[in-house]
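User: I have a chain open here and want to go through it. Can you take my questions as they come?

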Amino acid sequence: MNTRVVCINDTNLPKGAEVVKGDEYTVLDKFINSYDQVVYIIEGVSNEGRTRFGLPWRGYAATRFKVIEGFEKVEQMIEHILN
């Protein structure tokens with residue numbers, strides 16, 4: 001996958017989360033969680049932990065990020081050429 005994103009919301013992160021507003025990251029994987037939210041697994045940061053209530057969390061809500069447009073388009077073109 002390897003989509004590039006920029007964090008646009010780092011408020012109310014669960015305990016152990018490491019993303020910072022304004023920083024760019026690479027998305028290694030994305031999935032739909034049990035709350036029907038799109039979730040990103042981000043390269044180079046912790047992607048798992050426990051909330052302050054002790055509940056497990058995995059990945060970051062995609063709504064916390066904005067896709068960097070040019071990067072995704074180039075990635076799609078490469079995938080098209082290779083397939």
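User: Leaving aside its neighbours within four places in sequence, which residues is Glu43 in contact with?

Analyst: Glu43 is in contact with Tyr25, Thr26 and Leu28. Contact means heavy atoms within 4.5 Å. This is a predicted model, in which local features need pLDDT of at least 70 and side-chain atom pairs count only at pLDDT 80 or more, while totals for chains, interfaces and linings use all residues. Residues are numbered from 1 along each chain as its sequence is written, and side-chain values use heavy atoms, with hydrogens and water left out.

User: How far apart are Glu43 and Asn2?

Analyst: Their C-alpha atoms are 8.8 Å apart in space, and the two residues are 41 apart in sequence.

User: Stepping back, how many helices and strands are there in the chain?

Analyst: The chain has 1 helix and 7 strands, and along the sequence the pattern reads β-β-β-β-β-β-β-α.

User: What is the mean pLDDT?

Analyst: The mean pLDDT of the chain is 89, and 84% of its residues reach 70 or more. pLDDT is the predictor's confidence in each residue, from 0 to 100.

User: OK. Which residues make up the largest nonpolar core?

Analyst: There are 12: Val5, Cys7, Val19, Tyr25, Val27, Tyr40, Ile42, Val45, Trp57, Tyr60, Ala62 and Phe65. A nonpolar core is a set of buried Ala, Val, Leu, Ile, Met, Phe, Trp, Tyr and Cys residues joined through side-chain atoms within 4.5 Å. The elements that give two or more residues to this core are β1 (3-7), β2 (24-32) and β3 (38-42).

User: Take Cys7 from that list. Which residues does Cys7 touch, not counting those up to four places away in sequence?

Analyst: Cys7 touches Val19, Val20, Lys21, Gly22, Asp23, Tyr25, Arg64 and Phe65. Cys7 sits in strand β1 and is buried because its relative accessible area is 2%. Glu24 is 17 residues from Cys7 in sequence and 6.5 Å from it in space, C-alpha to C-alpha.

User: And Ile41, is it buried or exposed?

Analyst: Ile41 counts as buried because its relative accessibility is 12%. Ile41 is in strand β3, and its C-alpha atom is separated by 5.8 Å from that of Val27, 14 residues away along the chain. Beyond four places in sequence, the contacts of Ile41 include Thr26, Val27, Leu28, Arg58 and Gly59.

User: New topic. How much space lies in the largest pocket?

Analyst: About 610 Å³. On a 1 Å grid over the protein atoms alone, a pocket is an open set of points where a 1.4 Å probe fits, with protein on both sides within 12 Å along at least five of seven lines; lining residues have an atom within 4 Å of a point. Of the 21 lining residues, Pro14, Gln37, Thr51, Pro56 and Trp57 are the closest to the centre of the pocket.

User: Which elements give two or more residues to the lining?

Analyst: β5 (56-58) and β6 (60-61) do, and the largest share, 3 residues, comes from β5.

User: What does Trp57 contact, again leaving aside neighbours within four places in sequence?

Analyst: Among its contacts are Pro14, Lys15, Gly16, Ala17, Arg50 and Thr51.

User: Last one. What is the phi of Asn12?

Analyst: Phi of Asn12 is near 55°, a positive value in a residue other than glycine. Asn12 is in the loop between β1 and β2. Asp36, also not a glycine, has a positive phi of about 60° and lies in the loop between β2 and β3.

Conventions. Buried < 20%, exposed > 50% of the residue type's maximum accessible area, 1.4 Å probe, protein only. Helix = DSSP H or I, 4+ residues; strand = E, 2+ residues; numbered from the N terminus. Points joined across faces, edges and corners; volume = space filled by probe spheres on them.
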